[in-house]
Amino acid sequence: MSAFAEAMRERVRAARAALAEARTAGDAYAAAVAEDELDDALRLALAHGVTTEAAPDGDDGQGRS
């Protein structure tokens, strides 16, 4: 596995964790920022052919809740 691919996967994992934390805290602003980061990380991963695991709740981060 390339260092780039692992870095992209870690970025996606971190963004998903930040989004979950913001949602749990009820922080709408932090959730919006985290959603944008997740969307960007997933877009970049896809553009470079890096696969990412699905989120535990099935949300791939591409839609809005």
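Helices here are DSSP runs of at least four residues, numbered from the N terminus, and A17 belongs to one of them, helix α1. The model is predicted. The protein has 65 residues, of which 31% count as buried. Its secondary structure amounts to two helices and zero strands. The helices are α1, residues 3-25, and α2, residues 28-47.

**Overall composition**

- Of the contacts between residues at least 6 apart in sequence, 57% join residues at least 24 apart.

**Packing of the two helices**

- The axes of α1 and α2 come within 8 Å of each other, and their crossing angle is roughly 160°.
- Because angles over 145 degrees count as roughly antiparallel, α1 is roughly antiparallel to α2.
- The crossing of α1 past α2 is left-handed.
- On the α1 side, the residues that meet α2 are M8, R11, V12, A15, R16, A18, L19, A22 and R23.
- On the α2 side, the residues that meet α1 are A30, A31, A34, E35, E37, L38, D40, A41, L42, L44 and A45.

**Nonpolar core**

- The largest nonpolar core holds nine residues: V12, A15, L19, A22, A31, A34, L38, A41 and L42.
- Both α1 and α2 supply at least two residues of this core, and α2 gives the most, with five residues.
- In soluble globular proteins, nonpolar side chains tend to be buried together.

**A45 in α2**

- A45 lies in helix α2.
- A45 is classed as buried because its relative accessible area is 1%, and the cut-off for buried is under 20%.
- Setting aside residues up to four places away in sequence, A45 touches M8, V50 and T52.
- M8 is 37 residues from A45 along the chain, yet their C-alpha atoms are separated by 6.2 Å.

**T52 after α2**

- T52 sits in the segment after α2.
- The relative accessibility of T52 is 28%, so T52 counts as partly exposed.
- Beyond its neighbours within four places in sequence, T52 is in contact with V12, R16, L42 and A45.
- Of these contacts of T52, V12 and L42 are also members of the largest nonpolar core.
- T52 and M8 are 44 residues apart in sequence, and the distance between their C-alpha atoms is 8.4 Å.

**E37 in α2**

- E37 is part of helix α2 and is among the α2 residues that meet α1.
- With a relative accessible area of 30%, E37 is partly exposed.
- Apart from neighbours within four places in sequence, E37 is in contact with R11 and A15.
- R11 and E37 are 26 residues apart along the chain, with their C-alpha atoms separated by 8.7 Å.
- A15, a contact of E37, is one of the residues of the largest nonpolar core.

**A17 in α1**

- A17 has its place in helix α1.
- A17 counts as partly exposed because its relative accessibility is 44%, a value that falls between the 20% limit for buried and the 50% limit for exposed.
- The C-alpha atoms of A17 and L38 are 9.7 Å apart in space, and the two residues are 21 apart in sequence.
- L38 is one of the residues of the largest nonpolar core and is listed among the α2 residues that meet α1.

Terms used:
Residues are numbered from 1 along each chain as its sequence is written. This is a predicted model: local features need pLDDT of at least 70, side-chain atom pairs count only at pLDDT 80 or more; totals for chains, interfaces and linings use all residues. Side-chain values use heavy atoms; hydrogens and water are left out. Buried means under 20% relative accessible area, exposed over 50%, partly exposed in between (1.4 Å probe, protein chains only). Contact means heavy atoms within 4.5 Å. A nonpolar core is a set of buried Ala, Val, Leu, Ile, Met, Phe, Trp, Tyr and Cys residues joined through side-chain atoms within 4.5 Å. Axes are lines fitted to C-alpha atoms, for helices over the stretch in contact, and angles run from 0 to 180 degrees between N-to-C directions. Angles under 35 degrees count as roughly parallel, over 145 as roughly antiparallel, 65 to 115 as roughly perpendicular and the rest as oblique. A crossing is left-handed if the near helix is turned anticlockwise from the far one by less than a right angle, and right-handed if clockwise.
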